[in-house]
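Here are a few exercises to work through with the structure open beside you. Try each task before reading its solution.

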Amino acid sequence: MTDYNFAYLDEQTKRMIRRAILKALAVPGYQVPFASREMPMPYGWGTGGVQVSAAVLTPEDRMKVIDQGADDTTNAVSIRQFFEKTAGVATTTQTAEASVIQTRHRIPETPLTEGQILVYQVPIPEPLRFLEPRETETRKMHALEEYGLMHVRLYEDIARHGHIATSYAYPVRIEGRYVMDPSPIPKFDNPKMEMAAIQLFGAGREQRIYALPPHTKVVSLDFDDHPFEASKPDVPCALCGAVDAYLDEVITDDAGGRMFVCSDTDHCERRRAAGHRGPVAEEDAA
Amino acid sequence: MIEITKLSKSFLMHNQGAARIEVMRGADLSVGPGECVALTGASGAGKSTLMRLIYGNYLAGGGAIRVGGVDVARASPREIIALRRETLGYVSQFLRVVPRVPTREVVAEPLLVLGMPEAKALSRAEALLARLNLPAPLWSLSPTTFSGGEQQRVNIARGFVHPYPALLLDEPTASLDPVNREVVLDLIEAAKARGAAIVGIFHDAAARARVCGREVDVSAFAPVSA
Amino acid sequence: MTPLLSVSGLSKHYGAQIGCADVSFDLFPGEVMGIVGESGSGKSTLLSCLAGHLVPDSGAVIYDTRAEGPRDVITMSEPERRMLGRTDWAFVHQNPRDGLRMAVSAGGNVGERLMATGARHYGDIRAAAEDWLGRVEIDPRRIDDRPATFSGGMQQRLQIARNLVTGPRLVFMDEPTGGLDVSVQARLLDLLRGLVRQMGLSAVIVTHDLAVVRLLADRLMVMKGGFVVEAGLTDQVLDDPQHGYTQLLVSSVLQV
């Protein structure tokens with residue numbers, strides 16, 4: 001056992017956050033303000049996600065933490081260790097085995113199921129801020145469903161690049177009501193947000209929580225003549241050969257060599273364990 | 001068409017010791033369709049004041065100014081605007097236009113505000129400018145830089161481009177050469193022939209004698225000095 | 001004929017200070033009304049109250065809405081009022097930076113009101129923006145440039161295009177030619193006159209420039225200390241002013 005209260009936060013704080021989460025689930029896509037606490041890590045390292053995870057964790061949970069899809073990066077490792085130490089919960093890297101998954105910038109490739117909770121770390125929860133910096137005004141715009149500005153943002157994209165160049169944090173409309181920032185996940189992941197698991201979004205510095213109950217309708221904004229596309233590099237994973245998973249570009253030498261590999265490390269490992277091979281893996285084997 | 005009864009006017013100068021200057025009292029004037037009446041009287045007798053009162057540019061002190069069924073002395077701004085648009089034309093001595101607007105558009109504007117298609121309005125304006133011998137290269141320029149005589153002709157074209165049933169002409173032939181003076185007098189006669197009621201100020205006695213059926217000395221409208 | 005805008009007994013105080021007091025007038029379709037007065041005369045307060053940017057202490061602002069006929073704008077719900085503000089009304093600020101999104105391209109600025117009212121076809125929005133840039137005499141090739149790269153006069157014209165793209169019926173203008181070079185002012189005035197005529201716009205224009213109202217406004221209200229001291233036909237008020245203050249105002253203009 002540890003000297004920390006279960007999952008670091010005191011019980012009153014967890015109650016406060018749970019109330020915010022319940023409200024957020026009741027009004028999908030609406031940003032609920034909450035009294036974000038100082039956490040033993042800097043802002044931008046997932047303080048919002050950590051507080052939300054702490055509020056929903058129970059001793060029986062099995063936790064997975066990913067950063068850009070990977071279980072083994074600094075951020076993921078630190079947060080996983082944080083909860084091992086303060087809550088003593090079991091951890092895993094396997095998506096299917098986890099009951100609570102905290103994520104930064106990705107949705108796992110393995111479809112989530114009922115009973116799982118996906119917690120997102122959110123840097124900037126306000127999708128309208130890009131064009132309207134006044135918080136008083138953006139709140140009014142949400143209240144009155146004045147979302148023309150979101151399309152101005154996409155218009156600017158097309159005017160400048162010939163297509164909608166926004167490739168992450170792609171704005172979505174929830175159940176035909178609130179426009180929401182999905183956190184900086186790649187737009188490839190947007191269609192996956194209509195899922196069976198509960199999705200919670202925590203922004204620590206901005207002190208906002210929002211949520212999507214299971215099977216909530218999530219529509220990516222677009223134009224009739226420039227429809228939304230969940231794009232990704234048009235190559236298979238160099239290691240496991242997956243053609244339908246989101247890929248990271250990895251620079252392999254100083255001569256411009258590169259390869260594309262699954263960003264979801266768990267997904268890639270399981271595929272390789274099942275015998276799938278990508279082009280680079282085959283070369284190595286040869 | 002133009003029916004003035006018991007018209008009076010005075011100016012109150014608030015900033016000059018609240019001086020009250022009475023310039024007109026009990027003025028009566030009637031001008032029927034097809035008639036052209038010349039206002040006469042010494043300089044300062046109130047010819048221009050009467051014209052401005054009829055046009056609604058000066059606020060009448062008392063009495064009535066009926067033009068085509070509207071009493072200008074009592075009408076709301078909206079009624080006067082409609083009257084000026086459709087019924088009452090005014091050729092002043094001064095040209096007041098938005099700088100930069102080409103002459104042909106300045107002349108066509110009275111037709112455009114009445115809803116005439118642009119092409120038709122512009123061709124009418126051009127025909128009239130040609131008749132007034134304004135060189136075609138000037139049509140696409142703003143009249144603000146024109147000579148006095150040229151501006152005068154632009155003003156006249158603006159006043160005659162729409163067949164107003166009532167017309168006010170303030171020195172329409174001043175600063176014009178004999179040829180253009182003749183054109184303007186023809187225009188006035190044509191307006192009379194189509195039934196326009198005209199009130200004018202003409203210093204040019206010969207022109208006055210030719211187009212005006214009647215002269216009214218406005219000195220008679222001056223208040224009896226105390 | 002129903003007035004487009006019917007204002008009665010409009011008053012706004014800032015504490016003990018009078019903003020505007022007991023203002024009443026009717027504005028009919030196609031009419032342009034000028035409001036003149038010196039700084040602090042209440043003309044901008046009045047404009048803000050009319051446009052719904054400020055809540056007056058008392059009075060009514062009845063607007064003849066397209067869908068439901070005359071409605072009091074002041075007691076209307078905020079969403080309805082804001083909807084009016086981006087569809088049937090337009091507001092042209094003195095400083096184009098207050099009325100434009102400086103970080104957004106000219107095309108995006110013009111297209112915003114279309115997108116705000118549900119336009120979802122990029123090609124159509126862009127075509128409308130190009131058309132409007134042409135109408136306000138901005139080279140459509142500059143559609144993707146930001147307003148920051150435009151001159152003051154162009155910015156003001158862009159602001160007008162951005163406002164008129166939804167075909168509003170009522171335009172509020174606060175010193176639309178203030179801060180512009182004289183030559184640019186003339187061009188803007190010409191443009192506004194043409195648009196007012198072609199679109200049948202009604203407008204309320206606040207300015208301290210008597211030359212501007214003479215060329216643009218059918219009617220004129222003169223304000224002093226929050227009160228309307230004189231109102232009437234524009235050229236009549238300017239050429240035969242009745243109130244002492246108006247006489248002072250008119251006689252104070254420098255002749256060129």
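**Exercise 1.** In this predicted model, find which residues of helix 2 of chain B are buried, and work out where they sit around the helix axis.

*Solution.* 
- Step 1: Helix 2 of chain B covers residues 77-86. Taking under 20% relative accessible area as the cut-off, the buried residues there are Ile80(B), Ile81(B), Leu83(B) and Arg84(B).
- Step 2: Look down the axis of helix 2 of chain B: the buried residues lie within an arc of 160 degrees, so they line one face of the helix.

**Exercise 2.** Determine which chains touch, and describe the interface of chain C and chain B.

*Solution.* 
- Step 1: There are 2 pairs of chains in contact, and chains B and C share the most contacts. Chain A and chain B are joined by no contact; their closest C-alpha atoms are 34 Å apart.
- Step 2: On the chain C side 25 residues are in contact, meeting 25 residues of chain B.
- Step 3: Between chain C and chain B about 2200 Å² is buried, with 53% given by carbon and sulfur atoms. Of the area that chain C buries against chain B, 25% is supplied by Arg197(C), Leu233(C) and Asp240(C), more than any other three residues.
- Step 4: Now turn to the polar side. The interface of chain C and chain B has 6 salt bridges and 11 residue pairs in polar contact. One salt bridge links Asp190(C) to Arg100(B), with the closest N and O atoms 3.0 Å apart.
- Step 5: Several elements of chain C give two or more residues to the side that touches chain B, among them helix 7 (182-199), strand 10 (227-233) and helix 10 (244-251). Helix 7 of chain C gives the largest share of that side, 6 residues.

Note on methods: Residues numbered from 1 in each chain as written. Chains lettered and ligands numbered in written order. Predicted model: local features only at pLDDT ≥ 70, side-chain atom pairs only at ≥ 80, totals over all residues. Heavy atoms only, no water. Buried < 20%, exposed > 50% of the residue type's maximum accessible area, 1.4 Å probe, protein only. Helix = DSSP H or I, 4+ residues; strand = E, 2+ residues; numbered from the N terminus. Arc of directions from axis to C-beta. Contact = heavy atoms within 4.5 Å. Buried area = accessible area lost by both parts, 1.4 Å probe. Salt bridge = Lys/Arg side-chain N within 4 Å of Asp/Glu carboxyl O. Polar contact = N/O pair within 3.5 Å; in protein donor to acceptor, adjacent residues only side chain to side chain.
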